[in-house]
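The following paragraphs lead the reader through a single protein model. Please keep the sequence and the coordinates at hand while reading.

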Amino acid sequence: MWKQKVALVTGGSRGIGRGICAQLGQAGYAVVVNYATRPDAAAEVVAEITKAGGQAVAAGGSVAVAEDRQGLMARALQRFGRIDVLVNNAGITSQGRKDILEATEASWDTVFNTNLKGPFFLTQLVANEMVRQIDEKIITDGKIVNISSISAHTISLNRADYCITKTAIGVMTKLYAQRLAEFGIGVFEICPGVIESDMTAGVKEKYDRLIAEGLWPIRRWGRPDDVAKAVLAVVSDYFPFSTGECINVDGGFHIRTL
Ligand code: NAP
């Protein structure tokens, strides 16, 4: 049996997920680095972790596809034999970022399948496995961390589907938190603000200006590492009497100011 704790990070190959993988790898977790379309990027993350003396494996598959979710967990178990942490990070923005009056069903389906159906059923799959492993004393407890967004509480008219999925992730977090507490599995939501990644590369100039004007109190871009540190705090049990909690990593953007 693998002695290190094992973390499965969806969308671990780029952006925020990559930062989470690096942070967890450094902290001694064996990391399963999931990717959907870019094996090269996942291989880089694995190489970085192993070069630093850690353990990692790449695992391809779309969280939106049931067989891929099964395959992902099977890969983690085949390589490491246990799973202590699931980070539901993989997510996509609204396809074409169309105004709500022009938004398409095609974008709705793609975004919902990736951002909501995928995490919901992957959590179900992994949670059942964690319960079994806790019962068999393979692991002592479990942590599930859902990467949501400020879009859970702040609307964008050109990303309605994205905002709705992120709001629903908050409800999903509470549902699983309630159901899994009795087994010793904590479930958390992290709401990042605007973070430097491929997802936000296209709106860089807009946010450079807005941040300089004071859109949020801490006047800089968020970085993947900011989110990764919050994930590490949660999985390291620094919130032992909390579950279903949302942690904002947004430079203070959620503060309403008069
Ligand atoms: P990103 O740079 O676009 O990276 C997305 C990652 O998700 C990639 O590793 C990608 O893998 C993977 N992915 C996409 N679709 C997938 C699927 N169906 N199955 C498995 N993996 C998939 O995005 P990011 O900015 O890091 O965002 C990560 C998460 O943070 C998302 O849930 C996003 O909503 C949330 N978030 C981001 C921001 C921000 O400002 N960036 C703010 C708030 C919340 P491939 O490279 O293989 O395609």
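Is R38 buried, partly exposed or exposed? R38 is partly exposed, with a relative accessible area of 34%; here buried means under 20% relative accessible area, exposed means over 50%, and partly exposed lies in between, with a 1.4 Å probe and protein chains only. This is a predicted model, in which local features need pLDDT of at least 70 and side-chain atom pairs count only at pLDDT 80 or more, while totals for chains, interfaces and linings use all residues. Residues are numbered from 1 along each chain as its sequence is written, and side-chain values use heavy atoms, with hydrogens and water left out.

R38 also has a charged partner. Its side chain meets that of D40 in a salt bridge, 3.1 Å from N to O; the term denotes a side-chain nitrogen of Lys or Arg within 4 Å of a carboxyl oxygen of Asp or Glu. D40 is likewise partly exposed, at 41% relative accessibility. Side chains of opposite charge can pair when their charged atoms come close. The structure holds 14 salt bridges.

Another of these pairs is formed by E48 and R18, whose closest N and O atoms are 2.9 Å apart. E48 lies in helix α2 (residues 39-51) and R18 in helix α1, so the pair ties together parts that are 30 residues apart in sequence. Helices are DSSP runs of H or I with at least four residues, strands are runs of E with at least two, and both are numbered from the N terminus. E48 is partly exposed, with a relative accessible area of 43%, and R18 is partly exposed at 22%.

The C-alpha atoms of A41 and R18 are 9.1 Å apart, and the two residues are separated by 23 residues in sequence. In contrast to the partly exposed R18, A41 is buried, with a relative accessible area of 1%.

S107 belongs to helix α4 and counts as buried at 4% relative accessibility. Its contacts, leaving aside residues up to four places away in sequence, are S94, Q95 and D161. T165 is found in helix α5 (residues 160-180) and is buried at 0% relative accessibility. A polar atom of the T165 side chain lies 2.7 Å from the backbone oxygen of Y162. With residues up to four places away in sequence again left out, T165 touches V111, F112, N115 and L116.

A212, in helix α6 (residues 204-212), is exposed at 54%.

Helix α7 (residues 224-235) comes next. It has 12 residues and reaches 17 Å from its first C-alpha to its last, close to the 16 Å expected at 1.5 Å a residue; that expected span is 1.5 Å times one less than the number of residues. Its buried residues are P224, V227, A228, A230, V231, L232, V234 and V235. An α-helix has 3.6 residues a turn, so residues three or four places apart point the same way. The buried residues of α7 pack against α1 (15-26) and against the strands β4 (85-88), β5 (142-147), β6 (185-192) and β7 (246-249).

R220 forms a salt bridge with D226, the closest N and O atoms being 2.8 Å apart; R220 is partly exposed at 33% relative accessibility, and D226 is partly exposed at 22%. Helix α7 is followed by D237, whose phi is positive, near 70°. D237 in turn is linked with K5, D141 and K143 in a network of salt bridges.

Key: Contact means heavy atoms within 4.5 Å. A polar contact is a pair of N or O atoms within 3.5 Å; within protein, one must be able to donate a hydrogen and the other to accept it, and residues adjacent in sequence count only if both atoms are side-chain atoms.
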